[in-house]
Amino acid sequence: MLHVKFFASVRERVGRSQMDLPWSEGMTVTAALQAVEEASGVTLHGQHLLAARNQNHATFAEPLADGDEVAFFPPVTGG
């Protein structure tokens with residue numbers, strides 16, 4: 001199982017702050033994003049989007065393991 005969290009505008013688009021998804025061998029962050037899109041009916045790819053795996057920044061090609069936490073969030077700027 002993957003534990004997926006959404007922050008800021010991504011949370012608003014998906015309509016919830018988290019969801020659990022089934023994990024499968026060879027799954028990547030991109031595959032998790034596609035599963036989120038299917039489950040929520042919202043298109044997120046193509047948006048400015050960052051990802052984290054177990055609270056560390058991750059690339060979208062990064063492989064996932066059963067039990068991982070994945071987070072999707074927009075880039076943040078400060079001032």
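Which residues does Val4 touch, not counting residues up to four places away in sequence? Val4 touches Ser17, Gln18, Met19, Leu21, Val36, Val70 and Phe72, where contact means heavy atoms within 4.5 Å.

**Basis and confidence**

This is a predicted model, in which local features need pLDDT of at least 70, side-chain atom pairs count only at pLDDT 80 or more, and totals for chains, interfaces and linings use all residues. Residues are numbered from 1 along each chain as its sequence is written, and side-chain values use heavy atoms, with hydrogens and water left out. The predictor's confidence in each residue, pLDDT, runs from 0 to 100. The protein chain has a mean pLDDT of 93, with 96% of its residues at 70 or more. Helices (H or I, at least four residues) and strands (E, at least two) are DSSP runs, numbered from the N terminus. Confidence is highest in strand E1 (residues 2-6), at a mean of 98, and lowest in helix H1 (residues 9-14), at 94.

**Nonpolar core**

A nonpolar core is a set of buried Ala, Val, Leu, Ile, Met, Phe, Trp, Tyr and Cys residues joined through side-chain atoms within 4.5 Å. Buried denotes under 20% relative accessible area, exposed over 50%, and partly exposed the range in between (1.4 Å probe, protein chains only). The largest such core holds 20 residues, of which Val4, Phe6, Val36, Leu44 and Phe72 touch the most other members. At least two residues of this core come from each of E1, H1, strand E2 (18-21), helix H2 (29-40) and strand E5 (69-73). H2 gives the largest share, four residues. In soluble globular proteins, nonpolar side chains tend to be buried together.

**Aromatic pair**

One aromatic pair is present. Rings of Phe, Tyr and Trp (its six-membered ring) pair if their centres lie within 6.5 Å; planes under 30 degrees apart count as stacked, over 60 as edge-to-face and the rest as tilted. The ring centres of Phe60 and Phe72 are 6.3 Å apart and the planes stand at 25°, so this pair is stacked. Because Phe60 lies in the loop between strand E4 (56-58) and E5, and Phe72 in strand E5, the pair ties together parts that are twelve residues apart in sequence. Phe60 is partly exposed, at 26% relative accessible area, whereas Phe72 is buried, at 0%.

**Salt bridges**

The structure contains three salt bridges, each defined by a side-chain nitrogen of Lys or Arg within 4 Å of a carboxyl oxygen of Asp or Glu.

| Salt bridge | N to O distance |
|---|---|
| Lys5 and Glu69 | 3.3 Å |
| Glu62 and Arg53 | 3.2 Å |
| Asp68 and Arg53 | 2.6 Å |

Lys5 in strand E1 and Glu69 in strand E5 are 64 residues apart, and their pair links distant parts of the chain. Lys5 is partly exposed, with a relative accessible area of 27%, while Glu69 is buried, at 18%.

Asp68 counts as buried at 5% relative accessibility. Arg53, at 23%, counts as partly exposed, and Glu62, at 21%, is partly exposed. Through salt bridges that share partners, Arg53, Glu62 and Asp68 are joined into one network.
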